Structure formats: C-alpha cells, structure tokens
Amino acid sequence: AMVVVLFTDLFSHIGVGPAIVQRKDLTSHHIRSGFTFSLLFGTAAGLGLALAAPLVALWFTQPMLTDVLRVLALGFPLTGVAVVAEGLLQKHLQYKKLSAVNVASFAVGYGGVSIALALLGLGVWSLVFGVLAQRVLRSVFMLLAAPHPFRIEFDSKALHD
C-alpha cells in the first residue's frame with residue numbers, strides 16, 4: 001500500500017511547492033492560488049487512488065488492499081493543504097522548523113499512534129492509522145509553522161506565474 005501511496009504522492013503536489021520557493025516576487029494571489037490548486041489536486045489524487053484501489057488490489061492479488069488504500073487516500077487532501085506552507089518554509093530557509101515538523105509528526109504518528117494501536121491488536125490498521133495521523137499532524141504543524149491565507153482563489157495568471 002505504501003508503494004502505491006508514495007508513488008501517488010509524487011504526482012499529487014505537481015510543482016506548487018517548488019514554484020512557491022522559486023518565485024521571486026510572491027504575492028498573496030500566488031499563495032492563495034497555489035493553496036487552492038494543491039488542495040484540489042490532493043483531493044483529486046485521493047479520489048483517483050480510492051477509485052483505483054480495487055484494480056491495485058487485483059494487481060497485487062491482495063483483496064484487503066482495496067480497503068487499506070481507500071483509507072490511505074484520505075491523506076491526500078490533508079497533505080495538499082500543507083504544500084504551500086512547506087514551500088514558504090523552504091523559501092525562507094527555515095529548515096529547523098521543517099525538521100522539527102517532520103520529526104514530531106513521525107514520532108507521534110508512527111511512534112505513538114501506530115505502536116499504541118498495534119499493542120491493542122489492530123494489525124495492519126495500526127500502520128494505516130499511523131500514516132493518517134502522521135499526515136494530519138504534519139499538515140497542522142506546517143500550517144502553524146508557516147501560516148498563510150487559507151482562502152480559496154483561482155487566479156489563472158498567478159497559477160501560470
């Protein structure tokens with residue numbers, strides 16, 4: 001499941017983060033349009049993965065993979081929300097904050113949630129919910145570390161820039 005999720009992750013951010021980093025004159029229109037686009041694309045990637053889950057499960061001959069992938073697909077809109085915030089942290093060279101966000105979200109998501117749920121006997125679902133917890137926490141921490149306007153805006157010129 002994680003192979004498929006990480007492969008889908010490669011396409012779910014479609015250059016918004018790097019564009020935020022590289023744009024010399026970054027305006028609020030760029031930020032809001034990038035936020036909107038990354039949220040929409042993350043949602044589309046999650047929906048695409050949820051719809052493709054039965055085919056992926058068939059390919060791997062693992063019927064349980066359908067449900068696992070559908071639950072993991074919920075993480076894509078969550079990560080889409082944080083793409084611009086991550087780009088802003090990178091643009092402003094705030095790598096200590098980025099590292100702290102990543103370490104904290106992994107420690108709590110995988111180290112806390114997954115282990116606790118595994119001890120309760122949830123099996124593979126302990127890993128699935130650990131991944132979702134890590135993604136939720138990473139997005140929340142990113143937004144706290146680099147707050148920006150969360151308004152939806154579709155400015156085609158800003159997106160083109």
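Mentor: The model is a predicted one. A residue counts as buried when its relative accessible area is under 20%. Val68 has a relative accessible area of 5%, so Val68 is buried.

Trainee: Where does Val68 lie, and with which residues is Val68 in contact, leaving aside its neighbours within four places in sequence?

Mentor: Val68 belongs to helix 4, residues 65-72. Beyond those neighbours, Val68 is in contact with Ala1, Trp125 and Val128. Val128 stands 60 residues from Val68 along the chain, yet their C-alpha atoms are separated by 6.9 Å.

Trainee: Is Arg135 buried or exposed?

Mentor: The cut-off for burial again decides the matter: under 20% relative accessible area. Arg135 has 6% relative accessibility and therefore counts as buried. This residue is found in helix 8. Apart from neighbours within four places in sequence, Arg135 is in contact with Val5, Asp9, Gly75, Phe76 and Thr79.

Trainee: What are the relative accessibility and the contacts of Met142?

Mentor: Met142 is also found in helix 8. Its relative accessibility is 0%, so Met142 counts as buried. Leaving aside neighbours within four places in sequence, its contacts are Ala82, Ala85, Glu86, Leu89, Leu98, Val101 and Asn102.

Trainee: Which residues of helix 7 are buried, and against which helices do they pack?

Mentor: The buried residues of helix 7 are Leu98, Val101, Ser105, Gly109, Ser114 and Leu117. They pack against helix 6 (83-91) and helix 8.

Trainee: How does one describe the packing of helix 7 and helix 8?

Mentor: One takes the angle and the separation of the axes. Helix 7 (residues 95-119) and helix 8 (residues 124-145) pack at about 155°, and their axes are 8 Å apart. Helix 7 is therefore roughly antiparallel to helix 8, since angles over 145 degrees count as such. Their crossing is right-handed. The residues of this contact comprise 17 nonpolar, seven polar and two charged.

Trainee: Which residue with a positive phi follows helix 7?

Mentor: That residue is Gly121, with a phi near 90°.

How values were computed: Residues are numbered from 1 along each chain as its sequence is written. This is a predicted model: local features need pLDDT of at least 70, side-chain atom pairs count only at pLDDT 80 or more; totals for chains, interfaces and linings use all residues. Side-chain values use heavy atoms; hydrogens and water are left out. Axes are lines fitted to C-alpha atoms, for helices over the stretch in contact, and angles run from 0 to 180 degrees between N-to-C directions. Helices (H or I, at least four residues) and strands (E, at least two) are DSSP runs, numbered from the N terminus. Angles under 35 degrees count as roughly parallel, over 145 as roughly antiparallel, 65 to 115 as roughly perpendicular and the rest as oblique. A crossing is left-handed if the near helix is turned anticlockwise from the far one by less than a right angle, and right-handed if clockwise. Ala, Val, Leu, Ile, Met, Phe, Trp, Tyr, Cys and Pro count as nonpolar, Asp, Glu, Lys and Arg as charged, and the others, Gly among them, as polar. Buried means under 20% relative accessible area, exposed over 50%, partly exposed in between (1.4 Å probe, protein chains only). Contact means heavy atoms within 4.5 Å.
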